[in-house]
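Here is a short briefing to read beside the structure. Keep the 3D view open as you go.

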Amino acid sequence: MNLILASGSPRRKELLSLYTTDFTICVSDFDESGVTAPTPAQLVEKLARGKCLAVAKDHPGAVVLGCDTVVDVGGEVFGKPHSVEDAKRMLRALSGAAHEVHTGVCVSDGVRTESFVDSCRVTFFPISEGEIDAYTATKEPYDKAGAYAIQGRAALWLDRLEGDYYTIMGLPVSRTARLLSRF
């Protein structure tokens with residue numbers, strides 16, 4: 001199988017390597033700005049499909065994997081923060097509360113396209129303003145949906161999760177492997 005990961009995420013590369021190391025990376029040029037959907041879960045599936053199909057059209061015969069992850073706080077989508085203040089706003093909203101993380105996954109071989117969304121419920125302990133200030137002074141939150149890395153310092157705030165831990169990191173490994181095996 002000629003497998004292409006349509007993502008520049010180092011976390012997705014690492015997680016896909018648990019399934020196979022025989023893949024190449026081709027970052028999608030898909031324009032996400034005009035994509036809308038009724039719910040965050042539907043949005044993330046449309047974004048994953050868009051990224052996947054944008055790469056698949058240029059690589060006939062390849063199996064392309066596209067993904068997207070968003071944090072959902074009561075129906076509001078938290079993507080990657082645009083600034084320090086935006087990151088602080090997100091972290092304050094997540095502090096002491098539960099939220100959902102949705103990862104959309106799409107696989108296409110140019111003929112057949114299949115996708116799914118996996119969701120995980122995450123609850124954080126309260127996060128102090130001092131912790132928020134210290135965290136947003138690092139580089140960690142700025143390339144992550146919801147302004148946090150669960151595998152990084154945000155591990156200190158995790159109260160509980162319900163669902164697949166790897167969904168929070170951006171690639172639900174077991175469900176993705178099962179989908180890829182059908183190609």
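A polar contact is a pair of N or O atoms within 3.5 Å. Within protein, one atom must be able to donate a hydrogen and the other to accept it. The side chains of Asp68 and Lys51 make such a contact, at 2.4 Å. Bear in mind that this is a predicted model.

**Asp68**
- UniProt, in an unreviewed entry, places the feature "active site" at Asp68.
- Asp68 belongs to strand β3, which covers residues 63–73.
- Is Asp68 buried or exposed? Its relative accessibility is 7%. Buried means under 20%, so Asp68 counts as buried.
- Setting aside neighbours within four places in sequence, Asp68 is in contact with several residues, among them Arg12, Glu32, Val44 and Leu47.

**The largest pocket**
- The largest pocket has a volume of about 770 Å³.
- Its lining is made of 40 residues, and the closest to the pocket centre are Lys51, Asp68, Thr69, Lys80 and Ala145.
- Which elements give two or more residues to this lining? They are α1 (10–16), α2 (40–56), β3, β4 (76–78), α3 (84–94) and α5 (165–169).
- Strand β3 supplies the largest share of the lining, 5 residues.
- By class, the lining has 20 nonpolar, 9 polar and 11 charged residues.

**Ser28**
- Ser28 sits in the loop between β2 (23–25) and α2.
- Ser28 has 16% relative accessibility, so it counts as buried.
- A polar atom of the Ser28 side chain lies 3.5 Å from the backbone oxygen of Lys51.
- Beyond neighbours within four places in sequence, Ser28 is in contact with Ala6, Lys51, Ala54 and Val55.

**Glu114**
- Glu114 is found in strand β6, residues 113–124.
- At 22% relative accessibility, Glu114 counts as partly exposed.
- The side chain of Glu114 makes a polar contact with the side chain of Arg112, at 2.5 Å.
- Leaving out neighbours within four places in sequence, Glu114 is in contact with Val105, Cys106, Val107, Leu179, Arg182 and Phe183.

**Met1**
- Met1 lies in the segment before β1 (3–5).
- Met1 has 52% relative accessibility, so it counts as exposed.
- Not counting residues up to four places away in sequence, Met1 touches Asp22, Val63, Leu180 and Phe183.
- Met1 and Arg11 are 10 residues apart along the chain, and their C-alpha atoms are separated by 22 Å.

**Helix α3**
- In α3, the residues Asp86, Ala87, Lys88, Met90, Leu91 and Leu94 are buried.
- What covers these buried residues of α3? The cover includes β3, β4, β5 (98–108), β6 and α4 (129–136).
- Just after α3, Gly96 takes a positive phi of about 65°.

Terms used. Residues numbered from 1 in each chain as written. Predicted model: local features only at pLDDT ≥ 70, side-chain atom pairs only at ≥ 80, totals over all residues. Heavy atoms only, no water. UniProt positions renumbered as here; feature names shortened; annotations may be inferred. Helix = DSSP H or I, 4+ residues; strand = E, 2+ residues; numbered from the N terminus. Buried < 20%, exposed > 50% of the residue type's maximum accessible area, 1.4 Å probe, protein only. Contact = heavy atoms within 4.5 Å. 1 Å grid on protein atoms, 1.4 Å probe; cavity = no way out; pocket = protein on both sides within 12 Å on 5 of 7 lines; lining within 4 Å. Points joined across faces, edges and corners; volume = space filled by probe spheres on them. Nonpolar A, V, L, I, M, F, W, Y, C, P; charged D, E, K, R; others polar.
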